[in-house]
Amino acid sequence: MGCPSDPTGAQVTAASGLAEAAAGLGTEIVRFSRLIAAWKQRAKNDTGAADRVLLARLVVGGDRRATDLAADAFLDLSTVSRQVRSLVERGLVARRPDPEDRRGTLLTATDAGRAAFEQYRRQRDAELAALLEPWPPQDRADLIRLLGRLNEDLAEQHARQVPGGDQGAAVKQGVTDV
């Protein structure tokens with residue numbers, strides 16, 4: 001039997017050709033993307049989705065200017081500016097002068113912001129643990145290893161295709177932790 005999302009019922013095996021493997025992967029990536037979009041939509045209803053993305057970049061990646069935060073998060077600067085304003089008002093992010101350029105401002109996660117990020121991470125991990133609980137340990141390890149390999153290859157391809165190569169440093173660094 002093929003993959004549940006493959007309408008042709010074709011099964012990709014080790015003996016399949018490269019084109020068949022690419023088609024099977026493409027089908028599963030589209031399906032995965034749709035499921036992730038549905039998960040993100042559910043998360044948006046709790047008003048914390050943008051918080052998670054921006055706080056993850058600041059907690060894991062360190063202090064940043066708003067322009068760098070927007071590039072790393074693949075978000076428009078105006079969107080980031082609005083969200084940062086909200087994060088600052090709620091005490092999750094602080095602004096401080098950039099020591100390298102006193103005209104600029106760096107954003108930093110506060111202790112409350114770090115705590116919120118850790119809570120988001122625990123919630124995500126609990127949901128994924130429930131999902132993976134019935135899987136055999138080797139399948140879990142294989143999934144993580146292969147998804148990591150796919151992410152590395154996609155990040156390298158993205159870096160080659162983006163002018164300047166620096167946009168999306170979070171993806172290149174593997175920091176998409178929410």
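Analyst: **Charged pairs in the chain**

Of the chain's 178 residues, 26% count as buried, where buried means under 20% relative accessible area, exposed over 50% and partly exposed in between (1.4 Å probe, protein chains only). Please keep in mind that this is a predicted model, in which local features need pLDDT of at least 70, side-chain atom pairs count only at pLDDT 80 or more, and totals for chains, interfaces and linings use all residues. Residues are numbered from 1 along each chain as its sequence is written, and side-chain values use heavy atoms, with hydrogens and water left out.

Now to the pairs themselves. Side chains of opposite charge can pair when their charged atoms come close. The structure holds eight salt bridges, each being a side-chain nitrogen of Lys or Arg within 4 Å of a carboxyl oxygen of Asp or Glu.

R31 forms a salt bridge with E28, and their closest N and O atoms are 3.7 Å apart. Both residues belong to helix α1 (residues 18-44), three residues apart, about one turn of the helix; helices here are DSSP runs of H or I with at least four residues, strands are runs of E with at least two, and both are numbered from the N terminus. R31 is partly exposed because its relative accessible area is 34%, and E28 is partly exposed at 26%.

Next comes a pair with D72 and R57, whose closest N and O atoms are 3.3 Å apart in a salt bridge. This one links distant parts of the chain, with D72 in helix α3 and R57 in helix α2 (residues 49-61), 15 residues apart. Both D72 and R57 are buried. R57 is also among the contacts of L69, counted beyond four places in sequence, with contact meaning heavy atoms within 4.5 Å. L69 is found in helix α3 (residues 66-73) and counts as buried because its relative accessible area is 0%.

A further salt bridge joins the side chains of D63 and R96 (2.5 Å, N to O). Here too distant parts of the chain are linked: D63 is in the loop between α2 and α3, while R96 is in strand β1 (residues 93-98), 33 residues apart. D63 is partly exposed, with a relative accessible area of 29%, and R96 is partly exposed at 32%.

Beyond these pairs, R65, D98, D101 and R103 are linked in a network of salt bridges.
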